[in-house]
Amino acid sequence: MPTPFDQITEGNRERELMLRVRNGLVPNEQFESLVLPLFLKVQIQTISTCNAACVMCPWPETKGTQPQGRMEEHTFRTIVDQLAGRGVERTSLFLMNEPTLDHRLEALVHYVTVHEPRTTSVIFTNGVRLDGARAERLAASGLGEIDI
């Protein structure tokens with residue numbers, strides 16, 4: 001049985017496949033042929049920094065051992081261009097970082113929205129740098145979901 005979070009975040013293709021898998025309707029020998037051709041959910045981390053130390057995130061421990069910086073816009077556009085038209089249902093613009101620290105966030109969300117309008121753009125944020133005006137700009141750029 002899917003978790004409540006999965007019920008909210010999974011799209012139709014994932015839901016249908018996982019329903020069949022969970023109900024034992026997919027024999028092992030057929031599973032590989034039913035696997036979807038590309039990811040349904042993608043996370044793109046455009047900046048590596050964070051302004052918090054959330055208990056569930058390894059960033060406080062990895063910040064000193066992993067390269068830090070900001071993704072070049074050309075790299076971001078290349079990734080999004082490669083995802084366009086391939087059925088990616090959720091594009092999350094975060095991973096182990098605070099996405100609102102990237103001053104380009106609205107423009108990046110807009111690029112995703114224009115080049116793959118069928119995906120839902122998502123961020124998870126600690127909310128420190130999120131005020132009403134920024135939330136409105138993110139919504140106007142096409143952001144489909146903000147989780148705080």
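Predicted model: local features only at pLDDT ≥ 70, side-chain atom pairs only at ≥ 80, totals over all residues.

Biologist: Is Val88 buried or exposed?
Modeller: A residue counts as buried under 20% relative accessible area. Val88 counts as buried because its relative accessibility is 2%.

Biologist: Which residues does Val88 touch, not counting residues up to four places away in sequence?
Modeller: Leu25 lies 63 residues from Val88 along the chain, and the C-alpha atoms of the two are separated by 24 Å. With residues up to four places away in sequence set aside, Val88 touches Arg13, Leu38, Phe39, Leu40, Val42, Leu83, Arg118 and Thr119.

Biologist: Which residues line the largest cavity?
Modeller: The structure holds one cavity of 30 Å³ or more, and the volume of the largest cavity is about 30 Å³. By class, its lining has three nonpolar residues, one polar and one charged. The lining residues are Val80, Leu83, Thr91, Val112 and Glu116.

Biologist: How much space lies in the largest pocket?
Modeller: The largest pocket is lined by 17 residues, and Met56, Cys57, Leu95, Asn97 and Phe124 are those nearest its centre. That lining divides into 13 nonpolar, three polar and one charged. The space in the largest pocket comes to about 280 Å³.

Biologist: Which element gives the most to the largest nonpolar core?
Modeller: The largest nonpolar core has 17 residues, and Ile44, Phe76, Leu93 and Leu138 have the most contacts inside it. The elements giving two or more residues to this core are α5 and α6. With five residues, the element that gives the most is α6.

Biologist: With which residues is Phe76 in contact, leaving aside its neighbours within four places in sequence?
Modeller: Phe76 is among the residues with the most contacts inside the largest nonpolar core. Leaving aside neighbours within four places in sequence, the contacts of Phe76 are Ile44, Thr46, Met71, Leu93, Leu108, Tyr111 and Val112.

Biologist: Against which elements do the buried residues of α6 pack?
Modeller: Helix α6 covers residues 105–115, and its buried residues are Leu105, Glu106, Leu108, Val109, Tyr111 and Val112. An α-helix has 3.6 residues a turn, so residues three or four places apart point the same way. The buried residues of α6 pack against α5 (73–83), β2 (90–92), β3 (120–124), α7 (132–141) and β4 (143–147).

Biologist: Why does Glu106 count as buried, and which residues are its contacts?
Modeller: Glu106 has its place in helix α6. It counts as buried because its relative accessibility is 14%, and the cut-off for buried is under 20%. Leaving aside neighbours within four places in sequence, Glu106 is in contact with Arg134, Arg137, Leu138 and Ser141.

Biologist: In what order do the elements of the protein run from the N terminus on?
Modeller: The secondary structure comes to seven helices and four strands. From the N terminus on, the order of these elements is α-α-α-β-α-α-β-α-β-α-β.

How values were computed: Residues numbered from 1 in each chain as written. Heavy atoms only, no water. 1 Å grid on protein atoms, 1.4 Å probe; cavity = no way out; pocket = protein on both sides within 12 Å on 5 of 7 lines; lining within 4 Å. Points joined across faces, edges and corners; volume = space filled by probe spheres on them. Nonpolar A, V, L, I, M, F, W, Y, C, P; charged D, E, K, R; others polar. Buried < 20%, exposed > 50% of the residue type's maximum accessible area, 1.4 Å probe, protein only. Contact = heavy atoms within 4.5 Å. Core = buried A, V, L, I, M, F, W, Y, C linked by side-chain atoms within 4.5 Å.
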